[in-house]
Amino acid sequence: MAFKSKIKWVALFVLALSMGSLVVHLSMTKFSAMGLVQYSPMTALRHDFGLLGTQGSRNKKLWGAVKSLESLQPYANPRTNYPAPNEKSNGFIYAKVFGGFEKIRSSICDLVTISRLLNATLVIPEIQESLRSKGISYKFKSFSYLYDEEQFIASLTNDVIIVKNLPENLKAARKRNEFPTFKPKSSTSPNYYIKEVLPKLKKAQVIGLILTDGGCLQSLLPPSMSELQRLRCRVAFHALQFRAEIQILGRLMVERLRAWGQPFLAYNPGLVRETLAYHGCAELFQDVHTELIQYRRAQMIKQGILNEELSVDSHTRRENGSCPLMPEEVGLLLRAMGYPPKTIIYLAGSETFGGQRVLIPLRAMFSNLVDRTSLCSQKELSDLVGPEAYLPEDLLQPPPAKSEKQLKEEWSKAGPRPRPLPPPPDRPIYRHEKEGWYGWITETDTEPSPSVMDLRNQAHRLLWDALDFIVSVEADAFFPGFNNDGTKWPDFASLVMGQRLYESASSRTYRPDRKTLAESFNITRENMYHPKHNWTLSVKEHLNKSLDENGLIRQSLLSKPVSFLSHPLPECSCRTSSAKVPNQSKSKDGRFLYGGEDECPKWIERGQEAGSLETDGGKNDDSELPEYDSDTAELPESDDSDGKNGTTLAFDRDDEWDPND
């Protein structure tokens, strides 16, 4: 009896200890939970850069200015007698602009130039991607969704008369399509407008332009029209300012990137479905993405945009430099240049065809790969879009049921079949398998028309591209995966490179030759992640040359004949008098593409001198700062016998470098 009583007391004691232990653990959990913080890329950046240097410390080899281009200064003011626009114009020009961010920006610059050429009054153009019928917020009209209307009109007061709408007595006639309409190409000459368009403008008082080609005027104008070239620069670099909400959020993103005290690099992959289809780069991808590119290429051939075969060798196109650099290749190039794994890389561009899958190798090499979703909250992005009407998600439309007779006919026509396999285990049919890319490719032969939500998302991409444009222009370095080098349309990277060249020509803007880099990758294809030392040196030499006059001259020969905004020299810049005579580049007809810039006015030189003194006083000497890149100048060349050597590069020893992890 006494023994049972002792057992009861022991059990009671153990139970009391258990209760006490539970209370203590719950208390500890409550207080420790207060310190938990949800993970975000910004906290990861704080962890990476909390102990790295101070504000302003940077490696001169990776982030320093390009000395040979420091003499170039922005100067788009008229040089000669430039009269104000005649109040008695020849009529009104209204325009519908189709296309994405790049085509819109280039087309508007050409529109203003044409209006000046014809002495016409320009009506604020309609951006078709952002019409209210596309489901955007009621707060905006098409133009004001992206750009500041008031700034646009005020900045061009001395160049062109601009109005917001046609006069009331002409609106009804426009709705009835009573005015002549033209669909000019981006290569249209000024003579076409003077001989063909101007007489009809004077007669009808109103004409319409439909722009689908990313412009309406040839890039290279005669030397006598150099003032029209400068007008293009004033439109692109001064008049076309984003609306205030976009500018505020874009600058806030730049401030958040600079808050960690480290420079950052902007990278635009250039992986756009339109570009990939035009150049025949389908085989660089797999599965459904190849099918999507080939379908779009077939559409281009049918529409007459492209006069080539449907199936081409994508690897041959890649070796010719026609295809974009893949993110994996860009990561290898940046590591060869010496950028450390913790470098902040901003991913620009609203469309990266292939999605996050193609970015996996780049993220493995550079963990601090961020984009707008990393720097902005969902509320900030939704506030930028504005209040929009609710759109229900597209309901799945199952295929029509087949009758028993149809099923029997299909079975009889199917031919001999192997013994059927047992049915697979039951699993849910996921939504993405019935809609979007996967759905229409596997079930139908034609791409479905975009839904209302698709149209709204296309308008949103204009805003995302605008934010990325601001960040890319302000970045300490910019690397394009693909840029306009003789192709048909303007592209995002080319506009960024042109803006950086105009605002700060000495900023580090890489202009790689994709053909040369393709040859380099073919040499080391078997050892891409452990390249020979001389391969690394050759890549560094090529990319460093692309930063200075050599890369700029090559770019001028390829880009300017197609897109003036990608290379606004020499018309829209000047050169300080103290600078030495640069290398010169001329087109086939003898006009300057580089090196023919005018001498800067004295007020620009005084401002530059004051700015340089302020910079020298506010920053440390780059030569005295510690360098955190991997300098490989003294490493011996590897031996091919075993594929490795005892002395490897610093990034070869990085665990993140293994793509199979």
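The model is predicted. The chain contains 24 helices and 16 strands. Of its 661 residues, 48% count as buried. Among contacts between residues at least 6 apart in sequence, 80% join residues at least 24 apart.

**A helix pair**

Two packed helices are described by the angle between their axes and the distance between the axes. For helix H8 and helix H20, the axes come within 11 Å and cross at roughly 95°. An angle from 65 to 115 degrees counts as roughly perpendicular, so H8 is roughly perpendicular to H20. The table gives the range of each helix and its residues in the contact.

| Helix | Range | Residues in the contact |
|---|---|---|
| H8 | residues 226–239 | Ala 236, Phe 237 and His 238 |
| H20 | residues 492–503 | Gly 498, Gln 499 and Tyr 502 |

The residues of this contact divide into three nonpolar and three polar, with no charged residue.

**Ser 115**

Ser 115 belongs to helix H4, which spans residues 101–117. Is Ser 115 buried or exposed? The relative accessible area of Ser 115 is 1%; buried means under 20%, so Ser 115 is buried. Leaving aside residues up to four places away in sequence, Ser 115 touches Ile 93, Ala 120, Leu 122 and Val 160.

Definitions and conventions: Residues are numbered from 1 along each chain as its sequence is written. This is a predicted model: local features need pLDDT of at least 70, side-chain atom pairs count only at pLDDT 80 or more; totals for chains, interfaces and linings use all residues. Side-chain values use heavy atoms; hydrogens and water are left out. Helices (H or I, at least four residues) and strands (E, at least two) are DSSP runs, numbered from the N terminus. Buried means under 20% relative accessible area, exposed over 50%, partly exposed in between (1.4 Å probe, protein chains only). Contact means heavy atoms within 4.5 Å. Axes are lines fitted to C-alpha atoms, for helices over the stretch in contact, and angles run from 0 to 180 degrees between N-to-C directions. Angles under 35 degrees count as roughly parallel, over 145 as roughly antiparallel, 65 to 115 as roughly perpendicular and the rest as oblique. Ala, Val, Leu, Ile, Met, Phe, Trp, Tyr, Cys and Pro count as nonpolar, Asp, Glu, Lys and Arg as charged, and the others, Gly among them, as polar.
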